[in-house]
Amino acid sequence: MTSAAIAIIGAGLAGLTCARELTQAGRRVTVFEKARGPGGRLSSRRQLNSTFDLGAQALTAQHSDFAKQLRVWETEGCLQPWKGAGTLPSWVGSPRMSALTRHYSKGLNLVTATCISHLQATEDQQWSLVDTTGKIWGPFTQVVLATPANQALPLIDQASGSLKRQLSQVKEDPVWVAYFALQSTSLPTANCLQPASSYLRRATLLNSKPGQESELQRWVVEATPRWSQEHLDLPKGEAARRLFNIWANDMATELPSHPQLLDAHRWLYGSVSTHLQQGFLEDAEQQLFVCGDFCRGSTAEAAWQSGHELAQALRKTIQ
Ligand SMILES: Cc1cc2nc3c(=O)[nH]c(=O)nc-3n(C[C@H](O)[C@H](O)[C@H](O)COP(=O)(O)OP(=O)(O)OC[C@H]3O[C@@H](n4cnc5c(N)ncnc54)[C@H](O)[C@@H]3O)c2cc1C
């Protein structure tokens, strides 16, 4: 007998973790991702012959099971230890953050560049997924939403009031990120800086990461959620220019007036400010499930933990 089919929407760390563990347990899993590749907020962008980590800069572990997983990824060659800013040991993707999720998604049935717009219940109590081009996928017995909470809500109209109520308690904030490359050699060379102003939450020198050495100094500067919210609708060139100026001011240093590259990216649901206190959400009657960083916190560890806990629970359900 073939096993029941599961659809997972979102190929960030939570969705990939859930997909991988269920696939290894012999379940038939298909992952749908709207971007061209997996990774979500662990992604990197290639520009000017080099790459910029635009989401998470470093992975740390508060709990022993994630610490063990980080060491497995290190052994498998997609992570390397890095001396970041905090006191906890940290790891970075090698040669860029997206190397982790590229590696982790190998062997999965992953459908990229496919944005799911809604779910349809079938006559035999299964689910079809409809993408934004109108294409219908399925049927699936179980559906997992592994997107930010704000992107999951519009997809689960049919779910119970309780699931929707819990999901709407999550608060996610935008994060503007500016990234730039400088010719200068006279800049501070600390790996990761806590900027002086209250507009920036972190500035990371990418060159200091193992495997990311380059002649140009490459920085990623993250605005605070507050600054990001107040400047939500800025054109990205303008956001990049303003964040670069704030950073230059914070660094109190002589800067070349024209960076070789200056750009920005806006994460609309970048950072979780109110999370749930449970591993995942479920509507058992409808066989709809939700996982993501916001279930347990606001970090890659929380995303992994949530995907892992949901996979453990689903392994015990219909085969
Ligand atoms: C700027 C920034 C810096 C950060 N720094 C750190 C850090 O240093 N350390 C750390 O541990 N964490 C950090 N984080 C947080 C960390 O990146 C996230 O907690 C984690 O990556 C979230 O994983 P996830 O799988 O829950 O969600 P996501 O990574 O957001 O994955 C969700 C996926 O769902 C896809 N999707 C959404 N809607 C649809 C749809 N309708 N159809 C198909 N696909 C869809 C998205 O494209 C995305 O790929 C940072 C985040 C940001 C934004």
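Q: How many residue pairs are in polar contact across the interface of domain 1 and domain 2?
A: Three, with both residues of each pair at pLDDT 80 or more. A polar contact is a pair of N or O atoms within 3.5 Å; within protein, one must be able to donate a hydrogen and the other to accept it, and residues adjacent in sequence count only if both atoms are side-chain atoms.

Q: Which helices supply at least two residues each to the side of domain 1 that touches domain 2?
A: α4 (149–152) and α8 (293–296). Helices (H or I, at least four residues) and strands (E, at least two) are DSSP runs, numbered from the N terminus.

Q: What is this model, and how are residues numbered?
A: It is a predicted model, where local features need pLDDT of at least 70, side-chain atom pairs count only at pLDDT 80 or more, and totals for chains, interfaces and linings use all residues. Residues are numbered from 1 along each chain as its sequence is written, and side-chain values use heavy atoms, with hydrogens and water left out.

Q: Where are the two domains?
A: Domain 1 covers 5–44 + 98–169 + 276–315, and domain 2 covers 171–273. These bounds come from an automatic or database domain assignment. Over C-alpha atoms, the domain centres are 31 Å apart.

Q: How much area do they bury between them?
A: About 730 Å², with 56% of it on carbon and sulfur atoms. Buried area is the accessible area (1.4 Å probe) that two parts lose on being put together, summed over both. Arg-41, Asn-150 and Ser-298 lose the most on the domain 1 side, together 53% of what that side buries.

Q: New topic: what is the strand order in the open sheet of six strands?
A: The order is β7-β2-β1-β11-β18-β17, with mixed pairing. Two strands pair if DSSP finds at least two bridges between them.

Q: Which strands are at the edges?
A: β7 (110–111) and β17 (281–283), each pairing on one side only.

Q: How many bridges join β1 to β11?
A: Four, between residues 5–9 and residues 142–145, and the two strands run parallel. Ile-8 has Val-144 in β11 as its bridge partner.
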